[in-house]
Amino acid sequence: MEDPRTEVIQAWYMDESDEEQRLPHHREPKEYVSFDRLNELGVLSWHLDADNYETDEELKKIRAERGYTYVDFCDLCPERMPNYEQKIKNFFEEHLHTDEEIRYCVDGSGYFDIRDENEKWIRVWVKKGGMIVLPAGMYHRFTLDSDNYIKAMRLFVGEPVWTPYNRPHDELPARKEYLDTFIKKEASNHAVNAAA
């Protein structure tokens with residue numbers, strides 16, 4: 001049985017092209033990334049009912065379990081955002097946060113780009129109904145796709161702190177913790193598997 005998340009979230013390794021950031025940037029041949037692989041890198045994901053987000057019991061359960069008390073919405077499109085093109089370029093600057101980044105796409109779609117343990121870019125396409133959590137300390141960037149529209153619910157534990165720390169900020173405790181929890185563990189797992 002296919003994972004229902006594939007309807008709303010897909011991930012793949014990106015090509016090295018400098019073409020327009022809102023294009024898919026698939027490698028040739030295409031190299032898709034599994035949910036298990038994303039999870040190894042610390043990325044959590046769900047497929048939720050975006051048409052009923054106000055009453056969705058699954059969302060309520062996730063919020064309660066993970067302590068997400070703050071919610072707001074971000075509506076990104078050229079018609080609603082002043083200086084849209086500049087803002088999209090700013091979001092595409094590689095950065096990290098000292099807290100999780102939680103985004104639930106309730107309409108539209110967009111790309112979250114993350115790096116694997118070898119610094120290769122993975123593009124995570126989140127569509128209506130997809131919710132992802134990027135761990136604190138993970139370098140990432142965001143852009144819309146060519147549809148130029150996303151309405152995303154932003155969730156946070158406590159009062160939100162949206163401070164982006166553009167790369168490099170490897171000295172931050174959140175970055176060190178991310179590396180220790182996910183990247184160093186992943187590298188040692190690969191070494192053990194290679195020796196087996």
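The model is predicted, so local features need pLDDT of at least 70, side-chain atom pairs count only at pLDDT 80 or more, and totals for chains, interfaces and linings use all residues. Residues are numbered from 1 along each chain as its sequence is written, and side-chain values use heavy atoms, with hydrogens and water left out.

**Overall fold**

The chain has 4 helices and 10 strands. These are DSSP runs: helices are H or I with at least four residues, strands are E with at least two, and numbering starts at the N terminus. Along the sequence, the pattern reads β-α-β-α-β-α-β-β-β-β-β-β-β-α. The C-alpha atoms fill a box of roughly 50 × 40 × 40 Å, taken along the principal axes. Of the 196 residues, 45% are buried. Buried means under 20% relative accessible area, exposed means over 50%, and partly exposed lies in between (1.4 Å probe, protein chains only).

**The annotated site**

Which residues does the UniProt annotation "binding site" cover? The unreviewed entry lists His95, His97, Glu101 and His140. They are spread over 46 residues of sequence, yet they cluster in space, with a largest C-alpha distance of 11.4 Å. UniProt positions follow the numbering used here, feature names are shortened, and annotations may be inferred rather than shown by experiment.

His95 touches Glu101 and His140, among others. Contact means heavy atoms within 4.5 Å. Not counting residues up to four places away in sequence, His140 touches residues including His95, His97 and Glu101. A polar contact of 3.2 Å joins the side chains of His95 and His97. Such a contact is a pair of N or O atoms within 3.5 Å; within protein, one must be able to donate a hydrogen and the other to accept it, and residues adjacent in sequence count only if both atoms are side-chain atoms.

**The nonpolar cores**

In soluble globular proteins, nonpolar side chains tend to be buried together. Here the largest nonpolar core has 30 residues. Leu38, Ile114, Ile122 and Val124 have the most contacts inside it. A second, separate core of 14 residues includes Ala50, Val106, Met131 and Val133. A nonpolar core is a set of buried Ala, Val, Leu, Ile, Met, Phe, Trp, Tyr and Cys residues joined through side-chain atoms within 4.5 Å.
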